Amino acid sequence: MVFSAVERMIAFRYLRARRRETFISVIAWFSLLGIMLGVATLIVVMSVMNGFRIELVDRILGISGHIRIEEPGGLLQDADPLAASLLRQPEIRSAAPIIEGQVLAASSGRSQGAVVRGMRSADIAARGVLTDALVAGSLDSYDAGQGVLIGVRLARALGVTIGDRLTLVSPSGRATVFGTVPRSAAYTIVGLFDVGMSEIDSGVIFMPLDVAMAYFATGGGVSAVEVLLHDPRAVSDGRRAVAAALPPPHLLVRDWQQINSSLVGALVVERNVMFIILSLIILVAAFNIISGLTMLVRDKAADIAILRTMGATRGMIQRIFFMSGASIGLVGTGLGVTLGIVFADNIEFLRTLVEAVTGSQVFPPEVYFLTRLPSVIQTGDVVLAGGMALALSFLATLYPAWRAARLDPVEALRRE
């Protein structure tokens with residue numbers, strides 16, 4: 001056993017304050033609380049950042065696909081044969097031609113900008129995200145003809161529901177002798193979806209591919225072919241599979257990491273910066289351990305001298321004070337890990353509770369893109385936070401413990 005029973009008894013006795021040691025005990029309690037709050041906050045923030053990254057990426061990929069193939073500066077022709085050739089690659093799960101265009105959606109005197117995505121119902125069903133998010137209507141009505149799917153937030157903003165007519169106005173109109181006339185057409189709303197991502201639920205309209213071709217007058221061309229991979233993380237293998245299936249060398253091929261590079265990069269940078277900032281809380285608590293133990297060593301100088309004259313070795317004195325400081329870090333880390341996991345696991349419930357009590361929004365979907373506060377606890381983050389707190393706590397005890405072990409018993413007793 002590393003620590004003897006006598007060493008443990010003395011170390012824990014030093015942690016119990018007597019009347020003249022109250023200030024030292026207060027520092028120890030603040031150190032414990034600092035480590036606990038630092039570890040808990042670090043786990044909660046890392047879990048929320050993980051949830052943001054996973055939720056945003058999953059929803060973006062579920063709507064936009066993993067790889068996008070475009071014709072630079074124009075429309076992509078012969079999209080269906082190209083999609084068929086792509087599906088022969090084993091890495092590719094789905095290939096769908098799409099049409100995208102900016103429109104102004106209007107109804108009952110209200111209007112809002114949106115993006116139309118022309119897709120076949122089979123290709124929408126292959127994504128899974130949208131079909132799972134349908135809260136009203138079905139893809140059967142979508143296939144029937146002039147029907148569109150819109151998000152619940154867009155429907156709420158325009159005051160429409162299933163069965164209502166929605167007028168779409170495209171700025172890229174048709175040329176006449178009087179100038180360019182905006183293209184306008186009305187469509188029936190056949191379905192409402194709630195993906196859980198504010199930007200999609202309030203600004204995307206799904207339209208049948210053939211109807212979108214007619215509306216935007218593409219002449220049979222499409223904006224792009226979107227590819228779904230069996231493993232979205234293996235984008236390099238997917239790009240090679242796409243390149244092997246593409247006869248025209250001039251087509252532009254981009255994967256989801258390139259398309260959303262600014263978003264993914266911002267999430268990574270924000271996560272790293274938050275980790276560094278919150279680690280400072282634990283570092284400050286570790287400095288408190290140093291100051292508290294240093295004061296304890298000065299206060300216990302006579303006790304140390306008596307122990308040395310009774311035969312205690314320097315190693316024994318060092319282990320006693322190491323245990324005193326390390327126990328603060330160990331208990332604080334354990335409480336912090338427990339508090340952080342419980343808080344992160346129930347953060348959505350706590351958010352709704354705070355909003356119900358205060359009557360204000362603490363997580364506006366328009367700002368944070370998502371309609372719920374996500375949290376994904378990863379074992380690696382918990383181990384990293386707890387391990388860093390323990391390491392800093394143990395390192396903080398080394399100097400005071402070394403100083404206690406080097407104390408000269410003769411000089412200590414003379415001062416007393």
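Predicted model: local features only at pLDDT ≥ 70, side-chain atom pairs only at ≥ 80, totals over all residues.
User: Which residues line the second largest cavity?
Analyst: Its lining consists of Met 49, Arg 53, Leu 267, Val 268 and Arg 271. On a 1 Å grid over the protein atoms alone, a cavity is a set of points where a 1.4 Å probe fits but cannot get out; a pocket is an open set with protein on both sides within 12 Å along at least five of seven lines; lining residues have an atom within 4 Å of a point.

User: And which elements do they come from?
Analyst: H2 and H12 each give two or more residues to this lining, and the largest share, three residues, belongs to H12. Helices (H or I, at least four residues) and strands (E, at least two) are DSSP runs numbered from the N terminus.

User: What is the volume of that cavity?
Analyst: The second largest cavity has a volume of about 30 Å³, and a search of the whole structure finds two cavities of 30 Å³ or more. A volume is the space filled by probe spheres set on grid points, which are joined across faces, edges and corners.

User: Changing topic, how much space lies in the largest pocket?
Analyst: The largest pocket holds about 550 Å³ of space. It is lined by 24 residues, and those closest to its centre are Ile 60, Ser 64, Glu 100, Glu 199 and Asn 260.

User: Which elements give it two or more residues?
Analyst: They are helix H2 (22-64), strand S1 (67-70), strand S3 (110-118), helix H8 (198-201) and helix H11 (256-259). H2 supplies the largest share, five residues. By class, the pocket lining has 13 nonpolar, five polar and six charged residues.

User: Now the helices. At what angle do H12 and H17 pack?
Analyst: Helix H12 (residues 261-299) and helix H17 (residues 379-405) pack at about 25°, with their axes 9 Å apart. Axes are lines fitted to C-alpha atoms, for helices over the stretch in contact, and angles run from 0 to 180 degrees between N-to-C directions. H12 and H17 are therefore roughly parallel to each other. Angles under 35 degrees count as roughly parallel, over 145 as roughly antiparallel, 65 to 115 as roughly perpendicular and the rest as oblique.

User: Which residues in H12 and H17 meet?
Analyst: Among them are Phe 275, Ile 282, Leu 283 and Arg 271 in H12, and Leu 384, Met 388, Tyr 399 and Arg 403 in H17. Contact means heavy atoms within 4.5 Å. The contact of H12 with H17 has 16 nonpolar, four polar and four charged residues. Arg 271 also lines the second largest cavity.

User: How do H14 and H17 cross?
Analyst: Their axes come within 8 Å and cross at roughly 160°. H14 and H17 are therefore roughly antiparallel to each other. The contact includes Phe 321, Gly 325 and Gly 329 of H14 and Gly 386, Ala 389 and Trp 402 of H17. Its residues divide into 16 nonpolar, seven polar and one charged.

User: What about H13 and H14?
Analyst: The axes of helix H13 (residues 301-309) and helix H14 (residues 314-345) come within 10 Å and cross at roughly 145°. Ile 304, Leu 307 and Arg 308 in H13 meet Arg 314, Ile 317, Ile 320 and Phe 321 in H14.

Conventions:
Residues numbered from 1 in each chain as written. Heavy atoms only, no water. Nonpolar A, V, L, I, M, F, W, Y, C, P; charged D, E, K, R; others polar.
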